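I will write down what I looked up and what came back.

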Amino acid sequence: MADRFVIIDFQWYTLSGERVVPKELASCDNNFRRSHFVFKPVLNFGSLSSTDQRTARYVYNYHHCLPWDGGNTSLGEFDDIIKFLCFNMEKIYVKGKEKANYIKAIVNKPVIELEHAGRIKRDKPSCMFHVGNYCVCALTNVENLYNFLSGN
Ligand SMILES: [Zn+2]
């Protein structure tokens, strides 16, 4: 655990055409220092197609419980935040191939996929942005992954 590392997780909405819209981003470094962002919507919910609205409702209800309209950070900052979080880090850990590839494309550095770190599951959220007692929270995920890496 001597390396400088950062664990990154994010939750998203998916729109047609496999377009990923990040909604929540969290990180945890080797000193258990955490960061957390929730992104403002890029479109009004009403302007989504009915298919996208249905998908969004499903993800909201059964996965992350992050309201479409929530958030306080502009999504345009996502890439710069990722670059900042990864700057000067020797290792970047991400759980999930899709997410790892997404981060890799931004930082242009190797990203280590935490394949064996257990399943990301609905849990008590560590942040206050979720509407529900059990949901998938990016901050909870990075905390759990930190414990996994620490052997706790
Ligand atoms: Zn959360």
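Which residues in helix α3 are buried? I checked this in the predicted model. In α3, which spans residues 97-107, K99, A100 and I103 are buried. Seen down the axis of α3, these buried residues fall within an arc of 100°, so they line one face of the helix. An α-helix has 3.6 residues a turn, so residues three or four places apart point the same way.

I then turned to the other side of α3. The face turned away from the buried side carries the exposed residues K97, E98, N101 and A105. Next I asked what the buried residues of α3 pack against. I found β1 (5-15), α2 (78-86), β4 (91-94) and β5 (112-113).

**Entry: helix α2**

I82, L85 and C86 are buried in α2. Down the axis of α2, its buried residues fall within an arc of 90°, so they line one face of the helix. D80 and F84 are exposed, on the face of α2 turned away from its buried side. What covers the buried residues of α2? The cover includes β1, β2, β3, β4 and α3. N88 follows α2, and its phi is positive, near 70°.

I also looked at how α2 sits on the strands. It lies across β1, β2, β3 and β4, and runs at about 25° to β2. Helix α1 (residues 50-64) lies across β1 and β2. I read its angle to β1 as about 140°.

**Entry: the sheet**

In what order do the strands of the sheet stand? I traced an open sheet of five strands in the order β3-β2-β1-β4-β5, with mixed pairing. β3 and β5 stand at the edges with a single partner strand each, so one side of each is left without a neighbour in the sheet.

I went through two of the pairings. β1 and β2 are antiparallel, over ten bridges. There, Q11 stands opposite E24 in β2. Strand β2 (residues 19-29) also pairs with strand β3 (residues 34-38), in the antiparallel sense over five bridges. β2 and β3 form a hairpin with four residues between them. I checked the turn and found F32 there, with a positive phi of about 60°.

**Entry: F37**

Is F37 buried or exposed? I count 23 other C-beta atoms within 10 Å, and 20 or more make a residue buried, so F37 is buried. L25 stands opposite F37. The two are twelve residues apart in sequence, yet 5.1 Å apart in space, C-alpha to C-alpha. Not counting residues up to four places away in sequence, F37 touches L25, T73 and I81.

**Entry: the nonpolar core**

How many residues are in the largest nonpolar core? I get 32. Those with the most contacts inside this core are I7, I8, I92, V94, I103, A138 and V142. I then asked which elements supply the core. β1, β2, β3, α2, β4, α3 and α4 (138-150) each supply at least two residues. β1 gives the most, with six residues. In soluble globular proteins, nonpolar side chains tend to be buried together.

Leaving aside neighbours within four places in sequence, I92 is in contact with V6, I8, C86, I103, V107, K109, V111 and I112. I103 is also one of the buried residues of α3, and C86 is one of those in α2.

**Entry: the whole chain**

Last, I stepped back. I count four helices and five strands. From the N terminus on, the elements run β-β-β-α-α-β-α-β-α. The radius of gyration is 15 Å, close to the 15 Å that the globule rule gives for 152 residues, so the protein is as compact as a globular protein of that length. Its C-alpha atoms fill a box of roughly 50 × 30 × 25 Å, taken along the principal axes.

What share of the 152 residues is buried? I get 30%. I also looked at contacts between residues at least 6 apart in sequence. Of these, 59% join residues at least 24 apart.

Terms used. Residues are numbered from 1 along each chain as its sequence is written. This is a predicted model: local features need pLDDT of at least 70, side-chain atom pairs count only at pLDDT 80 or more; totals for chains, interfaces and linings use all residues. Two strands pair if DSSP finds at least two bridges between them. A residue is buried if 20 or more other C-beta atoms lie within 10 Å of its own, exposed if 12 or fewer, and partly exposed in between; C-beta atoms are placed from the backbone. The arc is that of the directions from the helix axis to the C-beta atoms. Two residues are in contact if their C-beta atoms, placed from the backbone, lie within 7 Å. A nonpolar core is a set of buried Ala, Val, Leu, Ile, Met, Phe, Trp, Tyr and Cys residues joined through C-beta atoms within 7 Å. Axes are lines fitted to C-alpha atoms, for helices over the stretch in contact, and angles run from 0 to 180 degrees between N-to-C directions. The radius of gyration is taken over C-alpha atoms; the globule rule is 2.2 Å times the number of residues to the power 0.38.
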